[in-house]
Amino acid sequence: MRTAYTSDQIRTAETALMARLPEGTLMSRAAAGLAMVCANLLKGVRGRVYGSHVALLVGGGDNGGDTLYAGALLARRGARVEAVLAGSRAHEGGLAALLAAGGRTGPFDAARAGDLLARADVVLDGLVGIGGGGALREPYGTLAELTAEAAGLVVAVDVPSGVDASSGRVEGPAVRAHLTVTFGAYKAGLLVDPGASHAGSVELVDIGLGPHLPDPEVAAPTGDDVAGLLPRPGAESDKYRRGVVGIAAGSDRYTGAAVLSVGGAVRAGAGMVRFASAAEPVRLVRARWPEAVTTVLDPSSSPESLLEEVGRVQAWVLGPGLGTGPEAHAVARAVLSSDVPVLVDADGLTLVAKDRTLLRRAAPTVLTPHAGELSRLLGVPREQIEAARLDHVRRAAAELGATVLLKGSTTLVAEEHRPVRVNTTGTPWLATGGTGDVLSGITGALLAAGLSGYDAASCAAYVHGLAARIAARGGDGGGARAEAGGRAEARYEAGDGGRGEAGYGAGDGGCGEAPIAALDVAEAIPAALRML
Ligand SMILES: NC(=O)C1=CN([C@@H]2O[C@H](COP(=O)(O)OP(=O)(O)OC[C@H]3O[C@@H](n4cnc5c(N)ncnc54)[C@H](O)[C@@H]3O)[C@@H](O)[C@H]2O)[C@@H](O)CC1
Ligand SMILES: [K+]
């Protein structure tokens, strides 16, 4: 599990650690780690550090201090290092070290900065780190924008300037880095969009903070974590013990969602799928997934007897393609009255947004909205949710008393009093109709197998993203399990230090990936499970 923290949590831990160490120790550890990563990058792109060009964008705080000290170390190895001092002051010790090592400095001037950025092999963004707040003021904002024109690699120091380290919120201009070198621990804002997509790959420099860190704000399960949580059938298993999932999805008008949701559950290893719906989706599900046991629901039944024919299930999936009319409401009422875990998706979420009483239940509930659906559930504009996904997913979990999986460029899973889980697999090609229906089926199968809502949702998101990457690569599993490696390899050529650890992100949709259909994702689930 990779864990991440807010700025306040990091500061508290740093204060505790600093009290035991000589002054300046942490900054020199940070700068040494940063310089080493940059030296490796320079060796990768230029063959050597000596004679390479390095530009430093330096703010007035300690983030600028780290950057100046790292610049000094690179200058001592023969790099030509030039700094733009953007603040009214600069870290004294760092500045003296850079000048003593032969580095050059000058105040902000747009033309000079543009010229430096055009020549530099590596640009270090040391404008603001965890001390930043709100939109970048001038001239920091202009400098952040200028980094988009940089010819070389942009390395963010600790956090890309303009990204809120605690939440990933971006309120104005912000640096888009190829690589972020972060100190002590991951900051939550580096793992959650929009911050995550500004950070590029993230490399962690250990400065000894570990023993002082509290419980994390955010955690990203790795492939090994997911493998450890996934149910595996044993010799004693039978279809009932492996988990029977009920799926109430589809309508005579919307049939595809039902086929996809059932496909997700079948391929994710449900012991049995019981599918309950109108006649037309039942016909299509039977044709595509003969494994599913189907029931045509009688809309004239009373809510108590509507699901009587379906048989016993250990979890329900409710909502994909269900419709939002009175008949759909009756199905939602019947399913949510059950005493087993229920996953609510798509039209199910619309029904719940209109009638919150549906959520008054004792058994666990998992909601899987995208930002638009969450906007309806919380009564908050969609743009606000997109800008502050972490805050809103937490709020939704608390307000709705449910596990909430927020879909989007970074999928988040929140439950009260637990770290928000961030999914690291996936590909932008997943943004296509029907993939959410497949996810609902995977999650339902895992709930039925006995996983908690929190584990089922986070494991399902991981498997779903991995399956999508495999499908996008034409079924070639090689390298697809790449919560580490995807974005890093696609976007820059690093030396020894840059690869491996780096690459905290999903695929970038380029490099050998092609468009996928939702059913391709369902079909690639077994290949994803084989890799775990
Ligand atoms: N505290 C520690 O023990 C350590 C801190 N380290 C570094 O120190 C950084 C934190 O340093 P600071 O607390 O000095 O804070 P920062 O250097 O992150 O930011 C503070 C500076 O940015 C300016 N600023 C804040 N918001 C701004 C905005 N919106 N627009 C323009 N300017 C803005 C402030 O006026 C101030 O000059 C970390 O990110 C890390 O890089 C590391 O050296 C490791 C150890
Ligand atoms: K920075």
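This report covers the sheet, the ligand shell and the nonpolar core of a predicted model.

Local features need pLDDT of at least 70, side-chain atom pairs count only at pLDDT 80 or more, and totals for chains, interfaces and linings use all residues. Residues are numbered from 1 along each chain as its sequence is written, while chains are lettered from A and ligands numbered from 1 in written order.

Seven strands form an open sheet in the order 4-3-2-5-6-7-9, with parallel pairing. Strand 4 (104-107) and strand 9 (201-205) are at the edges with a single partner strand each, so one side of each has no neighbour in the sheet. Strands are DSSP runs of E, at least two residues; helices are runs of H or I, at least four; both are numbered from the N terminus. Two strands pair if DSSP finds at least two bridges between them. Strands 6 and 7 pair over three bridges. Ala-156 has Thr-180 of strand 7 as its bridge partner.

**Ligand shell.** Around ligand 1 stand 28 residues, the closest being Gly-60, Gly-61, Asp-62, Gly-129 and Gly-131. A residue counts if its C-beta atom, placed from the backbone, lies within 6 Å. Helix 3 gives the most, four residues.

| Helix | Residues |
|---|---|
| Helix 1 | 7-18 |
| Helix 2 | 25-46 |
| Helix 3 | 62-76 |

**Core.** The largest nonpolar core has 184 residues. Such a core joins buried Ala, Val, Leu, Ile, Met, Phe, Trp, Tyr and Cys through C-beta atoms within 7 Å; buried means 20 or more other C-beta atoms within 10 Å of a residue's own. Helix 18 (residues 453-472) provides the largest share, 13 residues.

Conventions
Buried ≥ 20, exposed ≤ 12 C-beta atoms within 10 Å, placed from the backbone.
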